[in-house]
Amino acid sequence: MIEVLAPLPVLLPLLGAAGALLVSGHPTFQRTLSVTVLSAVLAVSVVLLLVADAEGASSVSVGGWPVPLGIVLVVDRLSALMLVVASTVALGVLVFAVGQGAADGSEETPLSIFHPTFLVLVAGVGNAFLAGDLFNLYVGFEILLMASYVLLTLGGTAARIRGGITYVVVSLTSSLVFLAAIGLVYAATGTVNMAQLAVRLGELPEGTQVLLQSMLLIAFGIKAAVFPLSAWLPDSYPTAPAPVTAVFAGLLTKVGVYAIIRTQTLLFPGGALDDVLMWAALATMLIGILGAVAQSDLRRMLSFTLVSHIGYMVFGIALGTAAGLAGAVFYVAHHIAIQTTLFLVAGLVERQGGTTSVNRLGGMARRSPLLAVLFFVPAMNLAGIPPLSGFIGKLGLLQAGVAEGSAAAFTLVAGGVVTSLLTLLAVARVWTRAFWRSPSQAPAEDTAAAAAAAAAATLRPRATGDGAASSDGEASPDGGARTALQEAWRRHTAVATATEPDLPPAAGAVRALRPLPGTMVGATAALVTLTVALTGLAGPLYGLADRAATDLVDRTPYVSSVFGTEEVP
Amino acid sequence: MTPTIVLPVMIGGLYAAGVYLLLDRSLTRVLLGFVLLGNATNLLLLSTGGPSGLAPILGYSDPEEINDPLPQALILTAIVITFGVSAFVLAIIHRSWRLARNEAVGTDEEDRRVAARRAPDADELDPDDLDPDDRAAGHADSLAGDLDDLADDVDLPAGSGSR
């Protein structure tokens, strides 16, 4: 049965994407198709998880090629669990996006492109989780990155292009580092099959091992946004449409974390770079959360907490013990759900309040109590208030750190507690300002993004003067060209910064109360319920994470699932 | 097999030039840098195939004499991916040019704004008059102010103004 099911999380979304592209003229049919496909992926993933948990790891050779030659898909507890969580939040985000598209029309998010691209993204994520060889992992990354480029720059507004450029260039660099690392791994071992690598990499000289390991960790560290490779994330995420940011925040960085887990456990189990990872985790946690405290834009604040909490997972991985890995796996599952939910809530807040600037918002709790609850529960969960799942995940990691007992581990434990407190501070600031105070107390001061949006309207008429400016340049080539150039640059920065005091206060127009579409609220509420349910199901889930971590430390389940009982060549 | 010096030198040169171009603010140079880096990586993959040999076609030559086919398959995949991404980056450059007559990598304005914000003064905090720290926030250190410095600072593409 597993032979049939394992390729489906990749195949179904890809075929669904093709179908969705074909029927792009019929929005209703397209929406139904993509929601159906993702539901099917979720069902398949759940079955895979049940099978993997009952019978242990298993593998499928795609196309029936003999094992070290062909492409192998491996389903073990970790990858199946990741698949289930990922497809759940992807489905939630898709329903949210459908609701948004139905309410807005196709102006902000061109649906005919959104649905196929979203499905391709899910296929890439699934492929990355299932990949049994390094090159297939690379292909999975490229599929999801390509889709994410398109999603991030959807609509092609100036802000999205600016944020998208950073993201694209950084992602390209990480892909090239990864590809070069694959080349070197192949040169050193003669294989890219991960199960075979698990045996062969250990036979290499120590220096070669450290070089290969650090190249892979750098490539995955960029994707997972581990400090000091994290600066791109808060720059590029907040500009995208709400559903896109939500799914990116939930899934893309976690694919990087998943790849780091595989690198540290399966490929290089010696723990050679654990100390480096420890300090990187500490810096990620603290610097990320200090950034979050400083922000006054809700989405940027959430982006910084996203970076910060990656540190917890890296901490668990760096411990290298089964307890640490179990904590990390549980935290990944928890964090995918929670971060996606919070970004969706931020999208709802933006609809309701007209802005995500915490300084401008006010009185949201009175205006929309439901929205307030939808924000409050996951926000407290993120900060780690007992008894929610964030608390359980953090507690597990801290216990693992104390059990490990080294000085570095205790420093990390202290850092984790401080980060948790500062997270509480950051979300509490949002709560008291955006939700709790009365609207009259909200000053008119603004974030650059909101100001740029207001300024764009006033600056747009000048854009029609382009032709005139350039013909001036031809008339007097000495000064004219420079003037035209400066004029263009002035327009660009004016749209971006928009700090001129004479701009009309757009507060009245922006503050207009828009009703929240039921589908969007429903999808968000479902995900909030899921995050609360994670608390109730924490026992079984943590048990599963424990078993997955034991498999990871043991390594033989993964290797023998690919090669069976025979000797690894 | 005698080791060849040509491939490592080529790879190193391409990597150096690629990284240099990638660090530029102009997007066209970034794209060129990416293409160079991609080619360098492809050459690196090619060199992992070991000693050169005959074409790896079944029945064409002895298995002992053929070159390792796997790196070539990997390179083919990588070339396709590089091609697709380059096309996308070109589209972004075009879009950026259409929008702002500019194809330099922009600054994160909100980041600048947060960095330039004045720290709150405890004496000014008044419970009746909430959040003075926010209200007194400074403007972004506006780029438009020192436009001349900026035009020199940001590496605008040569000749782009006289089109």
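## Chain B

Within chain B, residues 24 or more positions apart account for 52% of the contacts with a separation of 6 or more, where two residues count as in contact if their C-beta atoms, placed from the backbone, lie within 7 Å. The model is predicted, with local features needing pLDDT of at least 70 and side-chain atom pairs counting only at pLDDT 80 or more, whereas totals for chains, interfaces and linings use all residues. Residues are numbered from 1 along each chain as its sequence is written, and chains are lettered from A and ligands numbered from 1 in the order in which they are written.

The secondary structure of chain B consists of 6 helices and 0 strands, helices being DSSP runs of H or I with at least four residues and strands runs of E with at least two, numbered from the N terminus. Of the 163 residues in chain B, 27% are buried; a residue is buried if 20 or more other C-beta atoms lie within 10 Å of its own, exposed if 12 or fewer, and partly exposed in between. Residues 6-23 of chain B are 94% helix and 0% strand, with end C-alpha atoms 26 Å apart, while residues 70-93 of chain B are 100% helix and 0% strand, with end C-alpha atoms 34 Å apart.

## Chain A

Chain A has 25 helices and 2 strands, and buried residues make up 60% of its 569 residues. Among the contacts in chain A with a separation of 6 or more, 80% join residues 24 or more positions apart. The unreviewed UniProt entry gives residues 131-422 of chain A as "domain: NADH:quinone oxidoreductase/Mrp antiporter transmembrane", and this span is 80% helix and 0% strand, with its end C-alpha atoms 37 Å apart.

Inside chain A, the axes of helix α11 (residues 242-267) and helix α14 (residues 322-353) come within 7 Å and cross at roughly 165°, axes being lines fitted to C-alpha atoms over the stretch in contact and angles running from 0 to 180 degrees between N-to-C directions. α11(A) is therefore roughly antiparallel to α14(A), a term for angles over 145 degrees. The contact of α11(A) with α14(A) has 15 nonpolar, 6 polar and 2 charged residues, where Ala, Val, Leu, Ile, Met, Phe, Trp, Tyr, Cys and Pro count as nonpolar, Asp, Glu, Lys and Arg as charged, and the others, Gly among them, as polar.

## Between the chains

Helix α7 (residues 158-189) of chain A packs with helix α3 (residues 69-100) of chain B at an angle of about 165°, their axes being 11 Å apart, and α7(A) and α3(B) are therefore roughly antiparallel to each other. Residues making this contact include Ile161(A), Val168(A) and Leu172(A) of α7(A) and Ala78(B), Val85(B) and Arg95(B) of α3(B). The residues of the contact of α7(A) with α3(B) divide into 14 nonpolar, 2 polar and 1 charged.

## Ser175(A)

Ser175(A) belongs to helix α7 of chain A and is buried, with 25 other C-beta atoms within 10 Å. Apart from neighbours within four places in sequence, Ser175(A) is in contact with Phe141(A), Glu142(A) and Leu145(A). Ser175(A) and Tyr138(A), 37 residues apart in sequence, are 7.7 Å apart in space, C-alpha to C-alpha.

How values were computed: Angles under 35 degrees count as roughly parallel, over 145 as roughly antiparallel, 65 to 115 as roughly perpendicular and the rest as oblique. UniProt positions are given in the numbering used here, feature names are shortened, and annotations may be inferred rather than shown by experiment.
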